[in-house]
Amino acid sequence: IARIARATGLIDTHHTRAMNILRDAAKTIECAITGEPVAEDALTLPTADLALVSHAIAEYGRILCASQSLGGAGDAGDASATEVHDARFKMVWALAHATNVKHNERAVQILEDKSMEFGESMNARDRAYLRAVAHYNSQDYDKAREAAYDAIGIDAECRQAHALRQAAEAALMRDGMVGVGLLSAAALATGAALLASASKR
């Protein structure tokens with residue numbers, strides 16, 4: 001019975017998520033047709049420059065080495081697990097908010113690695129949200145939307161995740177419109193070339 005209940009709950013979760021994606025996509029399309037502004041412009045994410053990223057990485061490395069030192073447990077130089085988790089969180093936050101795509105991708109790798117623990121420094125919702133931020137900053141809007149939905153699934157009241165999800169939807173729509181425009185332009189150019197060729201015959 002427990003297995004059936006879990007399976008039913010999983011199906012309901014996937015169904016609800018799929019319906020939410022369809023609803024939000026429909027809303028974005030409606031905004032594009034009616035000219036109603038979408039939420040992408042309302043999203044303002046903080047950015048981490050190279051100096052901040054470098055400092056966060058170096059500090060994490062220093063604290064991690066201190067935690068693995070051979071000194072006794074009472075040594076003041078030994079870092080606690082809490083300090084390691086906190087430094088790891090600061091590092092992955094900086095990587096996710098960096099303007100360098102390689103840094104964003106590194107953030108995703110760390111966040112998706114289940115062996116990388118954060119303790120009380122970061123909960124599951126924030127972990128999913130940071131993953132969404134990293135994907136968004138690397139312009140992988142589809143995965144950003146999925147990660148934002150993961151965060152919303154944990155905390156439906158997370159406004160940041162909702163805003164990022166809407167921004168990702170708007171970016172996907174914008175890119176889709178650009179793609180349609182390019183295809184239309186290519187079709188028109190091909191048609192004009194064929195007409196010009198036919199008129200010369």
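At what angle do the axes of H3 and H5 cross, and within what distance do they come?

**View 1. Packing of helices H3 and H5 in the predicted model.** The two axes come within 8 Å and cross at roughly 30°. Angles under 35 degrees count as roughly parallel, and H3 and H5 are therefore roughly parallel to each other. On the H3 side, the contact is made by Phe-89, Val-92, Trp-93 and Ala-96. Helix H5 contributes Leu-130, Val-133, Ala-134 and Asn-137 to this contact.

**View 2. The largest nonpolar core.** This core holds 43 residues. Those that touch the most other members are Leu-45, Val-92, Ile-110, Tyr-129, Tyr-136 and Leu-164. Two or more residues come from each of helix H2 (50-67), helix H3 (81-96), helix H4 (101-112), helix H5 (124-137), helix H6 (141-154) and helix H7 (159-200). In soluble globular proteins, nonpolar side chains tend to be buried together.

**View 3. Surroundings of Ile-110.** Ile-110 is among the core residues that touch the most other members. When neighbours within four places in sequence are left aside, Ile-110 is in contact with Met-91, Val-92 and Leu-95, as well as with Met-116, Phe-118 and Arg-127. Of these partners, Val-92 also belongs to the group of core residues touching the most other members, and Val-92 takes part in the contact of H3 with H5.

**View 4. The aromatic pair of Tyr-136 and Tyr-141.** The count of aromatic pairs comes to one. Tyr-136 and Tyr-141 form this pair in an edge-to-face arrangement, with 5.2 Å centre to centre and 65° between the planes. The pair is edge-to-face because planes over 60 degrees apart are assigned to that class.

**View 5. His-85 and its contacts.** His-85 lies in helix H3. With a relative accessible area of 16%, His-85 is buried, because the limit for a buried residue is under 20%. Apart from neighbours within four places in sequence, His-85 is in contact with Glu-117, Phe-118, Gly-119 and Ser-121. Phe-118 is also one of the contacts of Ile-110.

**View 6. The whole chain, for orientation.** The secondary structure consists of seven helices and zero strands. Buried residues make up 31% of the 201 residues. Among contacts with a separation of 6 or more, 63% join residues 24 or more positions apart. The chain exposes about 12,600 Å², and carbon and sulfur atoms supply 59% of this area.

Terms used:
Residues are numbered from 1 along each chain as its sequence is written. This is a predicted model: local features need pLDDT of at least 70, side-chain atom pairs count only at pLDDT 80 or more; totals for chains, interfaces and linings use all residues. Side-chain values use heavy atoms; hydrogens and water are left out. A nonpolar core is a set of buried Ala, Val, Leu, Ile, Met, Phe, Trp, Tyr and Cys residues joined through side-chain atoms within 4.5 Å. Buried means under 20% relative accessible area, exposed over 50%, partly exposed in between (1.4 Å probe, protein chains only). Helices (H or I, at least four residues) and strands (E, at least two) are DSSP runs, numbered from the N terminus. Contact means heavy atoms within 4.5 Å. Accessible areas come from the Shrake-Rupley method with a 1.4 Å probe; for residues, only the protein chains shown count as cover. Rings of Phe, Tyr and Trp (its six-membered ring) pair if their centres lie within 6.5 Å; planes under 30 degrees apart count as stacked, over 60 as edge-to-face and the rest as tilted. Axes are lines fitted to C-alpha atoms, for helices over the stretch in contact, and angles run from 0 to 180 degrees between N-to-C directions. Angles under 35 degrees count as roughly parallel, over 145 as roughly antiparallel, 65 to 115 as roughly perpendicular and the rest as oblique.
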